[in-house]
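Here is a short briefing on one protein chain. Please keep the structure open while reading.

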Amino acid sequence: MKLYFRKVGDQGPAIIILHGIFGSSDNWLGIAKVLSDKFQVYLVDQRNHGQSPCSDEFDYQVMSEDLLEFIHEHTLSKPIIMGHSMGGKVVMQFALNHPDIAQKMVVVDIAPKFYPVHHTAILEGLNSLDLKNLTSRTEANEHLKRFEEKEGVRQFLLKNLYRNDQQEFAWRINVRVITKNIDVVGHELWVKNSVEIPAYFIKGVESHYIQPEDERYIAEIFPNFELIEIPNAGHWVQADQPEAFVEVLRSIL
């Protein structure tokens, strides 16, 4: 699958950044611009997200192979791979499947374990929005208030709303396939052997996605790992504390 991407920076080592569920490449544009002085940053829309193609196949194995195809297509040698949440799981699965390709990996606020479905209300809101009769983004935001109380989360979701060629509102995310496969997003990764790749896990102190007991499991799979915690940050570490996040990222890179 040919994935849509944005490239920022034209010199230095390559970094590939993968967004999380309901996200897209432009979520990471600010971080990419900061890093572009020393790196070539590739921001990728994963399948069923952003401007990349849609597919009924949607799991970590196929997304891992999408990443492999992307690396080969752009002839990237020993790239650094980084992903947030769902993107972090893709990065981990890729490293497990292809341990000799990436130079190092950075996983933002996610563990390789199973997570129960917890986006039910959001998906109900997205599916119940009447796009054909929708007149404005403000109207869409009002509708989503019944399903998600946080304004920041609603605005993040609404970044996926656009007007198509018929000037009708449409989703850039494949709501149907994501809804059908939302349990897959929480699946534990497929692990055959441990991998020696340098692995950096960045966690928001206020986030509950990586628990102390998860570190033992991470160490079994990625023995060459380091966990870095950023204070006053939740699951969206890079948005909650962008300066601290970039500082940590630069020390890793």
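Buried here means under 20% relative accessible area, and exposed means over 50%. The model is predicted.

**Helix α5**
- Helix α5 spans residues 137–144, and its buried residues are Ala140, Asn141, His143 and Leu144.
- These residues lie on the same side of α5, because they cover an arc of only 160° around the axis.
- Their cover includes α4 (120–128), α6 (151–158) and β6 (161–163).

**Helix α6**
- Arg154, Phe156, Leu157 and Leu158 are buried in α6.
- The buried residues of α6 pack against α4, α5, β6 and β7 (169–171).

- Strand β8 runs over residues 199–204 and is mostly covered, with six of its six residues buried.
- In a regular strand, side chains alternate between the two faces of the sheet.
- In β8, Ala199, Phe201 and Lys203 point one way. Tyr200, Ile202 and Gly204 point the other way, and all are buried.
- Strand β5 (residues 104–108) pairs with β8 in the parallel sense, over four bridges.
- Within that pairing, Met105 stands opposite Ala199 of β8.
- Strand β9 (residues 225–230) also runs parallel to β8, and six bridges join them.
- Here Gly204 stands opposite Ile230 of β9.
- From β8 the chain crosses through helix α9 (residues 214–221) to β9, and this β-α-β crossover is right-handed.

**Helix α9**
- Which residues of α9 are buried? They are Asp214, Ile218 and Ile221.
- Their directions cover an arc of only 65° around the axis, so they sit on the same side of α9.
- Arg216 and Glu220 are exposed on the other side of α9.
- What covers the buried residues of α9 includes α3 (86–97), β8 and β9.

**Largest pocket**
- The largest pocket holds about 530 Å³ of space.
- It is lined by 22 residues, and the closest to its centre are His119, Val153, Tyr209, His235 and Trp236.
- Helices α4 and α6 each supply at least two residues of this lining. Both helices are also among the elements that cover the buried residues of α5.

Key:
Residues are numbered from 1 along each chain as its sequence is written. This is a predicted model: local features need pLDDT of at least 70, side-chain atom pairs count only at pLDDT 80 or more; totals for chains, interfaces and linings use all residues. Side-chain values use heavy atoms; hydrogens and water are left out. Buried means under 20% relative accessible area, exposed over 50%, partly exposed in between (1.4 Å probe, protein chains only). The arc is that of the directions from the helix axis to the C-beta atoms. Contact means heavy atoms within 4.5 Å. Two strands pair if DSSP finds at least two bridges between them. A crossover is right-handed if, with the strands pointing away from the viewer, the path from the first strand over the helix to the second runs clockwise. On a 1 Å grid over the protein atoms alone, a cavity is a set of points where a 1.4 Å probe fits but cannot get out, and a pocket is an open set with protein on both sides within 12 Å along at least five of seven lines; lining residues have an atom within 4 Å of a point. Grid points are joined across faces, edges and corners, and a volume is the space filled by probe spheres set on the points.
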